[in-house]
Amino acid sequence: MLLALILALGGTMFLQKAYTPKLGLDLAGGTTVTLSPVTQNNAAPPDEILDRAVNIIRDRVNGTGISDAEVAKSGDNIIISIPGVGQDEAIKLVATTAELRFRQVLAMEATQPPADLATNPPTPSPSGSPSAQPSGKQSARPSQSAATPSASPTGKALSSALLSPTTAPSAGAPRGSTESGDGQKDGQSAQGDDQARQQDPGEQDNGDAKAQNTRAQNTRGQNAKATPSASPTASTPAITNPNIDTTGIDPQVLEQFNKLDCADPANRGQGVQDDPNKQYAACESDGSFKYVLDVAKVVGTDIDTASAGVRQGTTEWVVQLDFKSKGAGEWSKLTTAAYNSPEPRNKVAVVLDGVVITAPNIISPIPGGRAEITGGFDQASATTLADQLKYGALPLKFNRSSVDTVSSTLGQDQLEGGLIAGLIGLVLVVIYSMLYYRGLGIVAVLSLVVATILTYTAVVVLGHNANFRLSLPHIIGLVVSIGITADSFIVYFERIRDEMKEGRRSLRAAVEVAWVRARRTILIADAVMFIAAIVLYFLAVGGVAGFAFAMGLTTLIDILVVFLFTKPFIALLARLKFFAKGHPLSGLDSERMSEVPSTGHKTTPQEA
């Protein structure tokens with residue numbers, strides 16, 4: 001079992017190509033960001049709000065307490081030190097407000113027509129209004145023609161990216177959206193012609209003339225319908241404001257929407273704290289679309305947990321959300337309302353810090369209080385967004401006062417000193433074990449080697465999967481663990497000696513009896529150490545929490561090594577004559593194990 005654990009950790013290291021542990025701020029350097037709060041009238045923010053912002057930022061950069069990131073308040077400013085990341089990543093991580101809103105889309109418009117729209121004119125819409133998006137954009141479109149079955153099981157939604165490109169409809173034979181309406185009219189005209197042929201000649205002539213006139217009018221009407229979309233040019237916008245359904249849209253918001261220029265990244269509203277109780281005009285994160293959004297029915301505070309993961313059956317990273325009980329009900333109502341609305345109001349926009357990061361179609365109501373956010377994430381961006389949503393939005397908006405790079409020159413000197421101290425301590429333990437326990441000292445040395453391998457692989461794997469970074473407090477905790485591990489061996493060895501000093505037990509029997517008694521002592525001692533580590537980890541922050549984590553980790557490793565290596569190895573050695581007969585170099589010789597009773601005779605160990 002111990003070998004399987006070592007192989008699993010080692011295999012993980014090789015698969016992830018992670019061969020060295022990550023280092024903390026004092027050993028590897030990093031970035032220090034100073035944030036200044038922005039308030040109305042430049043007034044000082046309340047201390048409780050500033051403290052809340054400090055706690056949220058600390059949770060973001062050091063939510064597990066093992067990344068060695070530091071967050072401190074200095075006056076009205078917040079100073080954040082993050083190890084091992086660049087300035088851009090640090091700014092994105094700590095300065096993002098992370099205000100999340102879920103808003104129904106009321107209207108949308110492409111900021112510039114895609115190239116394919118210039119060569120492939122759009123088919124007229126059944127409602128008479130052009131589509132609000134290019135064909136490459138995910139959309140939900142009602143299926144109104146029996147000749148074109150929907151790909152959606154509900155018949156409600158179909159991605160326009162799955163539709164084949166349409167060509168310009170001919171003037172005499174309109175296509176697509178006019179099948180149900182005009183087809184019915186043509187059928188009625190044909191039926192009228194048959195009835196006219198059954199009338200008298202005079203009336204039939206008049207009927208034929210009327211029918212021809214009616215067909216001519218229908219043809220002109222069809223040509224008129226097909227004309228607007230028959231010849232668009234590259235300079236013609238894909239959609240214009242007069243064609244947007246403005247029902248229920250605040251005129252002021254509509255005016256902001258008309259003036260919104262999403263082509264310029266500076267005008268996309270990144271970082272804007274929008275009012276969730278009002279409608280809002282916003283841009284897509286890449287500037288491709290702009291939206292009119294309804295009031296926010298679900299907000300970030302309605303989220304219970306958020307996590308990053310890969311969607312089943314794909315390689316796409318998504319952010320998975322679980323809502324609280326109230327949020328789950330509102331989310332169900334929001335998705336139901338969107339599902340029952342025409343395009344583009346069948347979309348729900350996910351707005352983060354004033355910018356739409358995704359606006360998916362709602363192809364069915366979503367009960368149960370769970371949702372996914374997609375948007376071209378990779379592992380890092382999905383994890384960052386999940387952490388921001390999980391730990392909450394900042395209560396204030398901040399400006400970056402300074403961004404500095406921290407050097408690790410001083411930390412490298414301290415690291416060398418710490419490693420030398422740890423090496424000296426390890427050598428002293430080995431020398432003491434070999435001199436005092438002789439042959440049994442080999443067991444102690446090999447046990448320390450196994451513990452070292454487990455500790456190193458665990459630290460490397462945790463570093464690349466849980467962002468565990470070694471700082472000087474961590475290293476101190478690892479050095480202290482050398483004594484803890486050696487103490488477990490000493491307890492067991494002395495129990496074996498006590499059993500053999502009685503002279504009535506063989507070495508093999510003494511090993512088993514001593515293990516029963518020593519096991520209880522080892523577990524109690526490690527339990528006390530582990531409880532202390534847990535208390536320190538949860539009550540302390542910064543370096544003290546890191547020290548506690550390292551100490552708790554090595555305590556667990558000590559238990560694994562003693563139970564899975566030390567005891568079985570000693571039981572194996574007890575079968576050898578070198579130890580069973582009490583060789584002078586075994587550490588279990590008669591001189592050490594014998595006891596002088598009142599008779600004056602010595603007792604020697606019995607061979608198994």
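This is a predicted model: local features need pLDDT of at least 70, side-chain atom pairs count only at pLDDT 80 or more; totals for chains, interfaces and linings use all residues.

Student: How many helices and strands does the protein have?

Tutor: There are 17 helices and 14 strands. Both are DSSP runs numbered from the N terminus: helices are H or I with at least four residues, strands are E with at least two.

Student: And what percentage of the residues is buried?

Tutor: Of the 608 residues, 41% are buried. Buried means under 20% relative accessible area, exposed is over 50%, and partly exposed is in between (1.4 Å probe, protein chains only).

Student: What's the strand order in the five-strand open sheet?

Tutor: The order is β6-β7-β5-β10-β11, with antiparallel pairing. The edge strands are β6 (280-283) and β11 (355-358), each pairing on one side only. On average, neighbouring strands are turned by 50° against each other, direction ignored. Two strands pair if DSSP finds at least two bridges between them.

Student: How many bridges join β5 to β7?

Tutor: Eight, between β5 (residues 100-110) and β7 (residues 289-299), which run antiparallel. Within that pairing, Phe102 stands opposite Val298 in β7.

Student: Which strands does helix α8 lie across?

Tutor: Helix α8 (residues 251-259) lies across β5, β6 and β7, and runs at about 140° to β7. Axes are lines fitted to C-alpha atoms, for helices over the stretch in contact (heavy atoms within 4.5 Å). Angles run from 0 to 180 degrees between N-to-C directions.

Student: New topic: how many salt bridges does the structure hold?

Tutor: Seven. A salt bridge here is a side-chain nitrogen of Lys or Arg within 4 Å of a carboxyl oxygen of Asp or Glu. One of them joins Glu255 and Lys259, with the closest N and O atoms 3.1 Å apart. These two are four residues apart in helix α8, so about one helical turn separates them. Glu255 is partly exposed at 42% relative accessibility, and Lys259 is exposed at 62%.

Student: What does Glu499 form a salt bridge with?

Tutor: Arg517, with the closest N and O atoms 2.7 Å apart. Glu499 is in helix α13 (residues 472-501) and Arg517 in helix α14 (residues 507-539), so the pair ties together parts 18 residues apart in sequence.

Student: Is Glu499 buried or exposed?

Tutor: Glu499 is buried, at 2% relative accessibility. Arg517 is partly exposed at 37%.

Student: And where does Lys567 sit, relative to Glu512?

Tutor: Lys567 is in helix α15 (residues 543-573) and Glu512 is in helix α14, 55 residues apart. Their side chains meet in a salt bridge at 3.1 Å, N to O. Lys567 is buried at 15% relative accessibility, whereas Glu512 is partly exposed at 39%.

Student: Which residues are linked in a network of salt bridges?

Tutor: Arg311, Glu316 and Glu372.

Methods: Residues are numbered from 1 along each chain as its sequence is written. Side-chain values use heavy atoms; hydrogens and water are left out.
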